[in-house]
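Reader: I'd like to learn how to read charged pairs in a model. Could you walk me through it?

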Amino acid sequence: QVQLAESGGGLVQPGQSLRLSCQASGFTLHYLPVGWFRQAPGKAREEVACDSDSISETVDRTTYAESVKGRFTVTRNNRANMLYLEMNNLKPEDTAVYYCAVVTGKNGRCGSPWNYWGPGTQVTVPS
């Protein structure tokens, strides 16, 4: 029953925005580290962002790859058990299959092994 499922991918023009969703089931995302990854054709998988979901309301625990910093934002809706990746000012270099993942181990952090992955959703930004 443990499952992650991405949605929201598609074709978007350069400079436009898109929001990806990740629905978790069989467990709760609350307080668990979550991440977004992407893999472009012929390239290795790369980490886009990781969010530790700290209980602090003033400390930012989210990290982003330099290639997306300032353009992408990770958000959560813990009540709905959903994770989001808001992508702004998209570029052709952002074209990839995007995956969400979660760390479920005790005291897990960003950098810990990722336990579950979604099947991915395609984002295409034409040049």
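Author: Start with exposure: buried is under 20% relative accessible area, exposed is over 50%, and partly exposed lies in between (1.4 Å probe, protein chains only). This is a predicted model, where local features need pLDDT of at least 70, side-chain atom pairs count only at pLDDT 80 or more, and totals for chains, interfaces and linings use all residues. Residues are numbered from 1 along each chain as its sequence is written, and side-chain values use heavy atoms, with hydrogens and water left out.

Reader: How many salt bridges does a search of the whole structure find?

Author: Side chains of opposite charge can pair when their charged atoms come close. The cut-off for a salt bridge is a side-chain nitrogen of Lys or Arg within 4 Å of a carboxyl oxygen of Asp or Glu. Here the search turns up five.

Reader: Is glutamate 66 buried or exposed?

Author: Glutamate 66 is exposed, at 65% relative accessible area. Its salt-bridge partner is lysine 69, with the closest N and O atoms 2.7 Å apart. Lysine 69 is partly exposed at 47%.

Reader: And which residue forms a salt bridge with aspartate 51?

Author: That's arginine 76, closest N and O atoms 3.1 Å apart. The pair links distant parts of the chain, 25 residues apart: aspartate 51 sits in strand 5 (residues 46-51) and arginine 76 in strand 7 (residues 72-77). Strands here are DSSP runs of E, at least two residues, numbered from the N terminus. Both aspartate 51 and arginine 76 are buried.

Reader: Which residues are linked in a network of salt bridges?

Author: Arg38, Glu46, Arg71 and Asp94. Within that group, arginine 38 meets glutamate 46 at 2.7 Å, N to O. Arginine 38 is buried at 4%, while glutamate 46 is partly exposed at 34%.

Technical notes. Helix = DSSP H or I, 4+ residues; strand = E, 2+ residues; numbered from the N terminus.
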